[in-house]
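Try each task before you read its solution.

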Amino acid sequence: MARKLLYASSASLFVVILAAILVIVYFIASNHNVNWDLSRTGSNTLDARTGNVLRSLDFDVDITVFDKEGEEGRRAREILDLYVTESRRISYTVIDPDARPGVAGKYGVDRYGQAVLVGRQRQTLVDRVTEDSITNALLNLKRDSRKVLYFTTGHGERDISREDNQGFSQLGSALEKDDYEVHALVLMREQAIPQNADLVVVAGPVKSLLPEEQDIIRNYLGRGGRMLIALEPGPEAGLKGLLEEYGIALDAGIIVDRFNTMVGGDYTVPVVTTYGDAPGVKGFAYATLFPTSRSLMIREGLPDDLAVTWLARTSDQSWSESDYATLIDEGTATRDESERKGPLNVALLAEKKISEEIKASLLVFGDTDFCTNAYLNVSGNKDLVLGCIKMLLHAGHKITIDKKSAQDRPFILTPVQNSLMFWIPVIIIPALILCAAVATFRVRRRS
Amino acid sequence: MRSVYLKELTIYFSSPIFYVIACIFVCITGVFFYNSMVYVSLLTVRIAQYQVESGVNLSEILLGPIFADMSMLIVFIVPIISMRLYAEEQAQGTIELLFTYPVSDLKVLLAKYLAGMTILTCMLAITAVFMVLMLVVTSPDWGVVFTSYLGLLLMGGAILSLGIFASSLTKNQIVAAALTLGMVLCFWVVGWFAGVLPDTPTSGFLREISLVNHLSRFLKGILGVKDIVFYICFSVFFLSLSLRVLDSNRWRG
């Protein structure tokens, strides 16, 4: 009995020790995992530039993905697993934002699939987990200083601290959550735009900027500055001349679209679904709403050092209505022959070459309301304005990693091929196996 | 060891069991293959209708589903291969004879394991004809084909070791097969459980011990050290357990 007990104990001990050894072996393999991507497209391998960014990381980054466990969540895991394999500095968790709304709210997450990267006590939010977005977010965290944005004030511009419907507080918060520093700037108190400014925003000025202030802006752009100007129908705020220098002309009317408008809204809230090819808007998939917008035109005969591209435009059923009073008073509008017909530009990007390496960027929206607190979270408005701001801020610093996709030649089965694909695998090969079985048994019986 | 290996192979090939399961496995895989080919063909028609210029990832929409379906079949087929390995010997009383062989228990075990793996490899090799057949209409990604077959073999090997362990526990082959299937399904569904649980150490652990999670990377064309080591460790653990169980027959009397 005692002997049996001894044998049983030693067998149990053996099993425990073996399990422990195997767990350790697997743990080591896990922590020093190496993957070889043998697929033809190499779609399971990170880009060499991502590899460089990961190798140069000198701080830990924790990535939290807010998504449902499912196909999308699985894809995010697959991509982030590649990052974890490449760098021990990266770790990630996937959280269901419905199960933990508090955590989602803390990071300003309002959509499935968003991810927050936290490192060096800073954080940055990405809309989707792709190699392009994660690598650029890591680059953003790696930068020693945060990007600084100045919103001008003093001319009736929208205020980043105002929390009412007309304010910009939600845009300010969204930018801060994306790891940007946001400040107000009283232009008339300054001699020049602050040196640390990465972007200056003039959002919906009502009063004209003084000539001195215009010169400050002109000088800032002249040394390769980046600006975003959002206007409204009506006041030009003394910016007409400056914009024309950058190849942008302002239409005096208000955009009216009787067919592509918000449900419940009037004709003056055009829904925009057509976007250009610039990096910030290329492939943009959401509709955006521009309440009371003016249209922008690209001037003809631009010099070689100036390029103006359209970013967003209305439908071809829209037009620029000049009879503003009738539209407001009676709520009706009909297009006169003299009025410009759509598609009309609501966002233009002007880029002027200052020298071989320096380029001034000026992005102009024909509307300001679309990024106020009232409209920012409507449809894709927030994504559009943040995408455009990021495009301006990261021009020249951003890595563009296109998704590696296979370009296999699809095929259409001919009737003969269709029969071949059915008969050989489903009938002929199994029949051959059965024939082999019969032959084997006959041989056995004879022997 | 060679003689035990050849004896096992002879038993497999001279009994109807191999032919029946190979026929079922190949026929059902053939149906999956045909379905996938027709699906891609229909998808191509749709792509042409919408005038999409880009190509498609055939590894994702054609090879992936075929190999994933094959992995499900392996879950049901391997317990049938493994069920007789020791249970039959115990039922017929030849296990004692086995202990008197001039080879160690380990070598006998490895011979049986290799015989089972040979049967599995033969069945998978027959389905390689489908990949060649694919060449008639398109060129499959051979890298993905290679890693997928390797993944299926490693996973099949892990299930086989589990089957040998179950077979060493009982004299009844049906019980051995049912026990294997039950255990394999447990190691299969833990991955699904991990999917619905929040990210915690528990869900992480379940994800790591899931048989299917490690396979998914092979099916995408990734050859990962971690995944290979998992399947090898899994096999080594259950083969060692089988060895302990066989050894216990001696001192239990």
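**Exercise 1.** Is the crossing of α3(B) and α7(B) left-handed or right-handed? Work out the packing geometry and the make-up of the contact too.

*Solution.* Keep in mind that you're looking at a predicted model.

- Step 1: find the two helices. In chain B, α3 covers residues 58-82 and α7 covers residues 142-169.
- Step 2: look at the axes. They sit 9 Å apart, at an angle of about 20°.
- Step 3: name the arrangement. Angles under 35 degrees count as roughly parallel, so α3(B) is roughly parallel to α7(B).
- Step 4: get the handedness. α3(B) and α7(B) cross in a right-handed way.
- Step 5: see who touches whom. The α3(B) side includes B:Leu63, B:Phe67, B:Met70 and B:Ile74, while the α7(B) side includes B:Tyr149, B:Leu152, B:Met155 and B:Gly156.
- Step 6: sort the contact residues by class. You get 16 nonpolar, seven polar and no charged.

**Exercise 2.** Now do the packing of α4(B) on α7(B): what are the angle and the distance between the axes?

*Solution.* 

- Step 1: locate α4 of chain B, at residues 84-92.
- Step 2: read off the geometry. The angle between α4(B) and α7(B) is about 15°, and their axes are 7 Å apart.
- Step 3: with that angle, α4(B) and α7(B) are therefore roughly parallel to each other.
- Step 4: check the handedness, which is right-handed for α4(B) passing α7(B).
- Step 5: list the partners. From α4(B) come B:Arg84, B:Leu85, B:Tyr86, B:Ala87 and B:Gln90; they meet B:Ile164, B:Ser167, B:Ser168 and B:Leu169 of α7(B).
- Step 6: tally the classes for this contact: five nonpolar, three polar and one charged.

**Exercise 3.** Zoom out: how many helices and strands are there in chain B, and what box do its C-alpha atoms fill?

*Solution.* 

- Step 1: count the elements. Chain B has 11 helices and one strand.
- Step 2: The order along the sequence is α-α-α-α-α-α-α-α-α-α-β-α.
- Step 3: box it up. Along the principal axes, the C-alpha atoms of chain B fill roughly 75 × 45 × 30 Å.
- Step 4: check burial. Of the 253 residues in chain B, 58% are buried.

How values were computed
Residues numbered from 1 in each chain as written. Chains lettered and ligands numbered in written order. Predicted model: local features only at pLDDT ≥ 70, side-chain atom pairs only at ≥ 80, totals over all residues. Heavy atoms only, no water. Axes fitted to C-alpha atoms, helices over the stretch in contact; angles between N-to-C directions. Helix = DSSP H or I, 4+ residues; strand = E, 2+ residues; numbered from the N terminus. Parallel < 35°, antiparallel > 145°, perpendicular 65-115°, else oblique. Left-handed = near helix turned anticlockwise from the far one by under 90°. Contact = heavy atoms within 4.5 Å. Nonpolar A, V, L, I, M, F, W, Y, C, P; charged D, E, K, R; others polar. Buried < 20%, exposed > 50% of the residue type's maximum accessible area, 1.4 Å probe, protein only.
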